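Work through the exercises below with the model open. Try each task before reading its solution.

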Amino acid sequence: MYSSATVKVAAVGGLAVGLFGLLIYSRYSPLLGVYVGVLGGLVSFALLRSGSIQRLRKALVIYYAVITWVGTLTIFSFVGFTSLLKWIGGHLRVYYYSGMPTVGRALVPCNFNLPSVTVSIPIWGTEMGMETIAGIPVVWPSSIFYFSILVLAPYLATTIVLGRGFCGWVCYFGGTVDAFRRDGNPVWSLSRFRKRYIEPGKTDMVVDGLREDVKDIKYGVAFALLLLGASLAIPIICVVCWTWLLQYIWWGIIALLAFGLFVVVLPFLTGKRIWCAVLCPVGALINLLERVTPFNIRIDLGKCTKDYSCTAVCPMFAMTRQTINEMYAPNIDCIKCGACIEHCPEKAIDLYLAGTSKKVRSWFIPIAISAGMAWYIWFILSIGQIAPRLLHL
Ligand code: SF4
Ligand code: SF4
Ligand code: SF4
């Protein structure tokens, strides 16, 4: 347990998140606005007040995962498999090679649409591929200007502010991994892939965090995908898009096997987020921004008794004996999940404003939950609007 915020601070944080949820969702439905606002406010209040945040945080990201997968399946069912394949067959050519307006893409979960939700404007589009934002017609995403404003800017803003905290608090795919990651003692400790370490003043070699060459695989994956995207003249996100997995069956089978192994089997056996720590190219790219983010986890060495029990609960191999001794902080893969903060018996770990001694858990949690609310609006509205029609309600 670690010290929780006062009732006043938790209430202010909860109220701010509640009002934000109300504001962005009531544009589409006042009832939905009240529901999301109240739910988001209560979750924020509970997270700030409680000394135990892991269960709620995990439930939150798993909730995002469920919303996203169910939303995607709902849209696929609505579109129908044949017309979906027809759309897939045409959209890359139409999108990127001839610059023609796209057809019907807005209904299908295009990865390009996802970041648009970071500004809380779900974009539905029309058959002619025209959308309006605040009354201004936008051709999406062929305009570099709007692509920059609606995709790059919100994405960069989210990841600059939260850093890898995006992975711990917002990413639905991280939530999917968390759904399969078992807590408690691991079945497999991955000792072959761990580094050996000798603590200062000792002679025994102990098993520590992941080896550097294993952790660095994700940078290689990101670089390879960037090269592939550049050589095919398509954005990197399209290389890992689900449309490719449906179009090119071998690519799909490889991705499915990697998904099964790194997202389901290994997290279950090891209790760690193996996909996120070893393979994810998005996590690798976010790491490039991590040094400029305002929120850092740090250890107060005056309080730390070096029992190293926090290393066992870290899902990312970010907190290790070596980082505790040499950096007084976790390594760059820390997703700011708070498991170590909550676990430390000496209350020696906390979330700080970078470069200061100010503890800022009460800022970080409301910002992270608000970002999650904004990111998933598109899927929540998709389910709300399409599911009743599918169910003939
Ligand atoms: S590492 Fe990748 S999959 Fe994991 S949470 Fe971060 S962005 Fe999502
Ligand atoms: S759990 Fe706390 S006291 Fe133990 S090593 Fe980690 S920071 Fe130090
Ligand atoms: S160091 Fe702590 S906050 Fe960071 S990922 Fe590990 S357990 Fe979570």
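**Exercise 1. The shell around ligand 1**

How do the residues of the shell around ligand 1 divide into nonpolar, polar and charged?

Solution. This is a predicted model: local features need pLDDT of at least 70, side-chain atom pairs count only at pLDDT 80 or more, and totals for chains, interfaces and linings use all residues; side-chain values use heavy atoms, with hydrogens and water left out. Residues are numbered from 1 along each chain as its sequence is written, while chains are lettered from A and ligands numbered from 1 in the order in which they are written.

Step 1: list the shell. A residue belongs if one of its heavy atoms lies within 4 Å of the molecule. That gives Arg164, Cys167, Cys171, Phe173, Gly174, Arg273, Trp275, Cys276, Cys280, Val282 and Gly283.

Step 2: find the elements that give two or more residues. They are α8 (172-180), α14 (274-279) and α15 (281-289). Helices (H or I, at least four residues) and strands (E, at least two) are DSSP runs, numbered from the N terminus.

Step 3: classify. Ala, Val, Leu, Ile, Met, Phe, Trp, Tyr, Cys and Pro count as nonpolar, Asp, Glu, Lys and Arg as charged, and the others, Gly among them, as polar. The shell has seven nonpolar, two polar and two charged residues.

**Exercise 2. The shell around ligand 3**

List the residues around ligand 3 and classify them.

Solution. Step 1: the residues are Ile297, Cys314, Pro315, Met319, Pro330, Cys334, Ile335, Lys336, Cys337, Gly338, Ala339 and Cys340.

Step 2: this shell holds 10 nonpolar residues, one polar and one charged.

**Exercise 3. Salt bridges**

Which residues are linked with Arg273 in a network of salt bridges?

Solution. Step 1: apply the rule, a side-chain nitrogen of Lys or Arg within 4 Å of a carboxyl oxygen of Asp or Glu. The count comes to 14 salt bridges.

Step 2: take Asp183 and Lys58. Their side chains meet at 3.2 Å, N to O. Asp183 lies in the loop between α8 and β3 (194-198) and Lys58 in helix α3 (residues 54-79), so the pair ties together parts that are 125 residues apart in sequence.

Step 3: check burial (buried under 20% relative accessible area, exposed over 50%, partly exposed in between; 1.4 Å probe, protein chains only). Asp183 counts as exposed at 53%. Lys58, at 14%, counts as buried.

Step 4: take Arg273 and Asp178, which form a salt bridge at 3.0 Å, N to O. Arg273 is in the loop between α13 (249-270) and α14, and Asp178 in helix α8, so this pair joins parts 95 residues apart in sequence. Both Arg273 and Asp178 are buried.

Step 5: assemble. The network links Arg57, Lys58, Asp178, Arg181, Asp183 and Arg273.

**Exercise 4. Helix α20**

Check the span of helix α20 against its residue count.

Solution. Step 1: the expected span is 1.5 Å times one less than the number of residues. For the 14 residues of α20 (residues 377-390) this should be 20 Å, and the end C-alpha atoms are 20 Å apart, which agrees.

Step 2: look at burial. Ile377, Trp378, Phe379, Ile380, Leu381, Ser382, Ile386 and Ala387 are buried in α20.

Step 3: go just past the helix. His392 takes a positive phi of about 55 degrees.

**Exercise 5. Positive phi**

Where is Lys306 found?

Solution. Step 1: Lys306 is in the loop between β5 (295-299) and α16 (309-313). Its phi is positive, about 55 degrees, although Lys306 is not a glycine.

Step 2: Lys306 counts as partly exposed, at 35% relative accessibility.
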